[in-house]
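I opened the model to take notes on its fold, its pocket and a few single residues. My entries follow.

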Amino acid sequence: MSDSYIYQRDIEEYGRFTASQIRTLVVPVDAGFQQALRAVAARLDAATAASRKAMLEAIAAAAAAPASSAARRRQADAVARGRDLLRRLVERAASRPGGVALARDLLQGQSLATVLRARPAKLAEALAHAAEVLEQRKRPLPEGEAWGAELERARGALDPFLRSVRKTRLARRTMTPEVKAARAEWLTVYGAAKLLVECVLRLHGKVPLMPQIFDDLAGAGRAPGEPVSPAQRPATRAA
């Protein structure tokens, strides 16, 4: 029985764990089934590897081409300029009469060191927030309009880098036809392994071992063949 509610991201972990547990816990139980058990464990390893390969190929195909060294330098420069601009703005704000409160608002209550260590996406948010604060509070910093324009330019310079990051993240959730086919094959092998293992364990009164071999059964808290109420039945999960 294939368990279509298993998350795609769990396939590799489930596959490796189950194949290992079959070899360790089930193969010694019945000499007559040893060859079949080793064969299904090997098939599960192969299906797990094929699923991983299909997912990596989908990510590589969907993600942007690797950035050139020049593009990487531009990205690094944009981040460095954004951090330097924010540092100078906060220091300037803090030097004004009553500017400590303004500096605190610019940093959303965080320390300057914390904000400057943030990843580029958070840096972009900090620059946008600082521009909003200056727009709302022009009087404490007379040259706030000029600072605001600089903040907008620095934020815009980060856009290509942020788009690349978002595209890569989206690619990691991509389900191409190849990934779907590899997933379907893995579920078929995983389900077949369940049936074979249950058969062997049932012959020896060891069915309670099933959740120690199949992680999804451990999550459901039951072994195959046990009654399942609607409340206990696992909810359908997205791939």
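**Entry 1: the overall fold**

I counted the secondary structure of the protein chain first: 11 helices and zero strands. Helices (H or I, at least four residues) and strands (E, at least two) are DSSP runs, numbered from the N terminus. Read from the N terminus on, the elements run α-α-α-α-α-α-α-α-α-α-α.

I noted the ground rules. This is a predicted model, in which local features need pLDDT of at least 70 and side-chain atom pairs count only at pLDDT 80 or more, while totals for chains, interfaces and linings use all residues. Residues are numbered from 1 along each chain as its sequence is written, and side-chain values use heavy atoms, with hydrogens and water left out.

Next I looked up burial. Of the 239 residues of the protein chain, 37% count as buried. Buried means under 20% relative accessible area, exposed over 50%, partly exposed in between (1.4 Å probe, protein chains only).

I then checked contacts (heavy atoms within 4.5 Å). Among those in the protein chain with a separation of 6 or more, 73% join residues 24 or more positions apart.

**Entry 2: the largest pocket**

I asked for the volume of the largest pocket and got about 200 Å³. On a 1 Å grid over the protein atoms alone, a pocket is an open set of points where a 1.4 Å probe fits, with protein on both sides within 12 Å along at least five of seven lines; lining residues have an atom within 4 Å of a point. Grid points are joined across faces, edges and corners, and the volume is the space filled by probe spheres set on the points.

Which residues line the largest pocket? I listed Gln 8, Arg 9, Ile 11, Glu 12, Thr 48, Ser 51, Arg 52, Met 55 and Leu 56. Helix 1 (11-26) and helix 2 (34-62) are the elements that give two or more residues to this lining. Helix 2 supplies the largest share, five residues.

By class, I found three nonpolar, three polar and three charged residues in the lining. Ala, Val, Leu, Ile, Met, Phe, Trp, Tyr, Cys and Pro count as nonpolar, Asp, Glu, Lys and Arg as charged, and the others, Gly among them, as polar.

In helix 4 (residues 99-106), I found Gly 99, Leu 102, Ala 103 and Leu 106 buried. They lie on the same side of helix 4, because they cover an arc of only 100° around the axis. The arc is that of the directions from the helix axis to the C-beta atoms.

Gln 108 sits in the loop between helix 4 and helix 5 (112-117). Its phi is positive, about 55°, although Gln 108 is not a glycine. I logged Gln 108 as partly exposed, with a relative accessible area of 46%.

**Entry 3: helix 6**

Is Ala 124 buried or exposed? Ala 124 is buried, because its relative accessible area is 2%. I placed Ala 124 in helix 6 (residues 120-136). Not counting residues up to four places away in sequence, Ala 124 touches Arg 155, Leu 158 and Leu 162.

Glu 132 also lies in helix 6. Glu 132 counts as partly exposed, at 47% relative accessibility. I read 9.8 Å between the C-alpha atoms of Glu 132 and Leu 151, 19 residues apart along the chain.

**Entry 4: Asp 216**

I found Asp 216 in helix 11 (residues 215-220). Asp 216 is buried, with a relative accessible area of 4%. Its side chain makes a polar contact with the side chain of Tyr 190 (2.6 Å). The side chain of Asp 216 also makes a polar contact with the side chain of Lys 194 (2.6 Å). A polar contact is a pair of N or O atoms within 3.5 Å; within protein, one must be able to donate a hydrogen and the other to accept it, and residues adjacent in sequence count only if both atoms are side-chain atoms.
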